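Here is a briefing for someone meeting this structure for the first time. Please look over the sequence and the model before reading on.

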Amino acid sequence: MTTNKIINIGINYETIYRNVKYPRLEFKTGSLILILPKKYKNEEKLIRKHETWILRKKSFILEALKNSENKKLIMNVNQKEFEKLVKSKIEELLKEEKEKISKIFFKKMKSKWASCSSKGNITINSFLKYLPKNLIEYVLYHELIHLKEKKHNENFWRLISRKYTNYEEMEKDLFIYWFLIQKQVLKQSLL
Ligand SMILES: [Zn+2]
């Protein structure tokens, strides 16, 4: 992995060479990562092609960073209590949505709040416990809706908006809290 700088738009990025067919740009954890096929040579061209997208993402991230100053993580949350809360909320939502799952797992994850497997296993990021209750509930609902719709498509957001008309705001808040986790928790190397 190497770190470079796009001079004209002042942004750092990392390149990772992987066994992939096509190059890919990612902003998952707040910094730009170029996933490139091995021996890929058109890095500069790729960046130029996606400059608008990069700049749009960058300003979104900068805004989230600024907003993160007004938000605080809820520390001193007991893991057992958190798991109890999550399990009972999931049970409640499953009844409401007439859905079933297999198992719930808790794990510290670096790139997502939760995930839902095709076997109906739900994995919850343990870092979620540092977030306000309304956001925890939103993440659980979001994940359970993936039982009905895997992709983040129109149908998915339509289902989400039955309960959360303000889902865009919730997603934005989650992104802001992601920064707080990175800043406060990861730096204390609690991971
Ligand atoms: Zn999702």
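Proline 37 in β4 is the bridge partner of arginine 18. This is a predicted model, in which local features need pLDDT of at least 70 and side-chain atom pairs count only at pLDDT 80 or more, while totals for chains, interfaces and linings use all residues. Residues are numbered from 1 along each chain as its sequence is written.

**Around strand β4**
- Strand β2 (residues 11-18) pairs with β4 in the parallel sense over six bridges, where strands (E, at least two residues) are DSSP runs numbered from the N terminus and two strands pair if DSSP finds at least two bridges between them.
- Strand β3 (residues 24-26) pairs with β4 in the antiparallel sense over three bridges, and leucine 25 has leucine 34 of β4 as its bridge partner.

**The open sheet**
- Three strands form an open sheet with mixed pairing, in the order β5-β7-β6.
- Because β5 (104-107) and β6 (114-116) stand at the edges with a single partner strand each, one side of each is left without a neighbour in the sheet.
- β6 and β7 pair in the antiparallel sense over three bridges, and alanine 114 has isoleucine 124 in β7 as its bridge partner.

**Contacts of valine 139**
- Valine 139 touches Trp113, Ala114, Leu128 and Leu174, leaving aside residues up to four places away in sequence; two residues are in contact if their C-beta atoms, placed from the backbone, lie within 7 Å.

Note on methods:
Helices (H or I, at least four residues) and strands (E, at least two) are DSSP runs, numbered from the N terminus.
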